[in-house]
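Please walk me through this model.

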2 protein chains.
Amino acid sequence: MKPLVHPALDDITVEGILHALSDPTRVEIFSRIADSGCSTNCASYLTVGEKAVPKSTLSQHFKVLRDAGLVRSERVGVEMQNRSRCAEIETRFPGLLAAIIAALKAQAGERASARPRKKRS
Amino acid sequence: MKPLVHPALDDITVEGILHALSDPTRVEIFSRIADSGCSTNCASYLTVGEKAVPKSTLSQHFKVLRDAGLVRSERVGVEMQNRSRCAEIETRFPGLLAAIIAALKAQAGERASARPRKKRS
């Protein structure tokens, strides 16, 4: 089985973090992991927002988050458990993740209040 | 001549900002524009860091920054003048750009102090 690779804290880059979080699905996954105090199972992200996410796509998203240093994954039996590395990143780039998460929440709030839900025809 | 398109403030997204700033060259260009109080000329970015940036690549980088809502460009004669939209973005996503720029400066400081300049052979 392929080993799970996590970058050392010193090798985490701002550009890598921004790239990983520039995708709406990934950012939603990461926000949920960051909000959750404990490890979460990959399978709990098979629906993100209102979208079903194929398992292979989900694996790829987790790999990008892991490579950027945002999450730490661990195989537990047949499951993959993930937890955020927010606390570590905070020591190198204080305030960065908090500011991004706050901005995303502000944006989600605006979207929820401003736009009535539309169905595409 | 193709018109320069700038998104309305309400159409600027966090994901768009993060994507635009996830490229090292673009982030360097944007930091310099944000640091500069006044409009800057595209041509002053033909060298970024120690790299020469081809004019066509530079145009593409400015387009991405413009589309993300990070800069406002204006044609003045044969030149393109650019200024940051930090103040506008601050009203929608307070602290976001400041946190990103601070993290990038911390990273640049670490790199400058930790690594002796290497030549690739």
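The crossing of H2(B) and H5(B) is left-handed. Left-handed here means that the near helix is turned anticlockwise from the far one by less than a right angle; clockwise would be right-handed. H2(B) covers residues 24-35 and H5(B) residues 96-114. Their axes come within 11 Å and cross at roughly 115°. That makes H2(B) roughly perpendicular to H5(B). The word applies to angles of 65 to 115 degrees; under 35 is roughly parallel, over 145 roughly antiparallel, and the rest oblique. Axes are lines fitted to C-alpha atoms, for helices over the stretch in contact, with angles from 0 to 180 degrees between N-to-C directions. Helices are DSSP runs (H or I, at least four residues), numbered from the N terminus.

This is a predicted model, where local features need pLDDT of at least 70, side-chain atom pairs count only at pLDDT 80 or more, and totals for chains, interfaces and linings use all residues. Residues are numbered from 1 along each chain as its sequence is written, chains are lettered from A and ligands numbered from 1 in the order in which they are written, and side-chain values use heavy atoms, leaving out hydrogens and water.

Now the two chains. H5(A), residues 96-114, meets H5(B). Their axes come within 9 Å and cross at roughly 155°. That makes H5(A) roughly antiparallel to H5(B). This crossing is left-handed too. Leu96(A), Ala99(A), Ile100(A) and Ala103(A) touch Leu96(B), Ala99(B), Ile100(B) and Ala103(B), where contact means heavy atoms within 4.5 Å. The residues divide into 8 nonpolar, no polar and no charged. Ala, Val, Leu, Ile, Met, Phe, Trp, Tyr, Cys and Pro count as nonpolar, Asp, Glu, Lys and Arg as charged, and the others, Gly among them, as polar.

The whole contact takes 22 residues from chain A and 22 residues from chain B. Together the chains bury about 1,800 Å², 60% of it on carbon and sulfur atoms. Buried area is the accessible area (1.4 Å probe) lost when two parts are put together, summed over both.

Which charged pairs span the interface? The rule finds 2 salt bridges there (a side-chain nitrogen of Lys or Arg within 4 Å of a carboxyl oxygen of Asp or Glu). Arg92(B) pairs with Glu110(A) at 2.5 Å, N to O. Arg92(A) pairs with Glu110(B) at 2.4 Å, N to O. Arg92(A) lies in H4(A) and Glu110(B) in H5(B), so the pair joins two chains.
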